[in-house]
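Please consult the sequence and structure shown here.

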Amino acid sequence: MKKTPALIAALAATIGLTSGVQALAQDQTTHKLTKLWETEATLKVPESVRLDAKRKVLYVSNIDGQPWEADGKGSIAKVALDGKVIAAEWVTGLDCPKGLALSEDGKWLYAADIGGIVVIDVKKGKIRKKIAIPEGVQLNDLVSDGKGTLYVSDSKGKKVYVVKGDKASVYLDETVLKGPNGLLVHDGALYVLDNNSLNRVEADKSLKVLADGMPGGVDGLENVQGGDFLVSVWSGAVWYVSADGSKELLFDGKAVQTSTADIGWDPSTKTVYVPTFFKNSIIAFKVE
């Protein structure tokens, strides 16, 4: 039987072992990150990474200017899977893009930006249109359910919008949210990072807390396998959250003054792509 940290702690509590055994449970780790590569620092304040498995490239949102200003400096970069920057500014004309999502057919790349969602024609590498969300205050992360529906978080507005047929409406609001960021659709359920925690949205739109205690601005969210997730924290942390709610700190960005923004994920190679924000690079890690 595999003795996970949570199981060891539970056994220790049951049979009344010393605090030393409990400390061993906390210190034991079962997963790790192995660095594969890091791009040159030629990106422009990278915030989010999205894998295009079909084309074997990464798309990266560059804020470049101020994080929440409509200054026209934002762009999308294109990076090869070996870490080579193909184009630091592949698509220009955005403001401060953040979360990215691909349409199910791979034709469109969506970027959360000031005032709405920018729709990019991937083949042409050009902006096609913008889906307006005028009520949005700080549109942040973006996810597709793979069936034509988008969800976008509004961190300062304390909302999650749902977008269908280019029309946005409020899906979750401040009655349940404190400041949402990372979003993910997994096995038909919506997950949201909010208030230092990972949450699953229930059928009645309440939040079920799956794991908490991740301070510093929970940012990126990806599913590893089953009920296991990776969570990045903007101030500098990557956590592995297991299905039982236990968590492991895999990367301490604070120790090396590296932010860890909205991560990307390649399930086929178990590679996580971490944007370093002000350090202007992407780091690729193997999750083991």
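This is a predicted model: local features need pLDDT of at least 70, side-chain atom pairs count only at pLDDT 80 or more; totals for chains, interfaces and linings use all residues.

Residues are numbered from 1 along each chain as its sequence is written, and side-chain values use heavy atoms, with hydrogens and water left out.

Asp52 lies in strand β2, residues 46-52 (strands are DSSP runs of E, at least two residues, numbered from the N terminus). With 3% relative accessibility, Asp52 is buried (under 20% relative accessible area; exposed is over 50%, partly exposed in between; 1.4 Å probe, protein chains only). Its side chain makes a polar contact with the side chain of Tyr59 at 2.7 Å (a pair of N or O atoms within 3.5 Å, one able to donate a hydrogen and the other to accept it; residues adjacent in sequence count only if both atoms are side-chain atoms). The Asp52 side chain also reaches the backbone nitrogen of Lys54 at 3.3 Å.

There are six salt bridges (a side-chain nitrogen of Lys or Arg within 4 Å of a carboxyl oxygen of Asp or Glu). Three of them are tabulated, including one between Arg50 and Glu222.

| Salt bridge | N to O distance |
|---|---|
| Glu38 and Lys35 | 3.0 Å |
| Arg50 and Glu222 | 3.0 Å |
| Glu202 and Arg200 | 3.0 Å |

Arg50 in strand β2 and Glu222 in strand β18 (residues 218-225) are 172 residues apart, so this pair links distant parts of the chain. Both Arg50 and Glu222 are buried. By contrast, Glu38 is partly exposed at 35%, as is Lys35 at 48%.

Methods. Helices (H or I, at least four residues) and strands (E, at least two) are DSSP runs, numbered from the N terminus.
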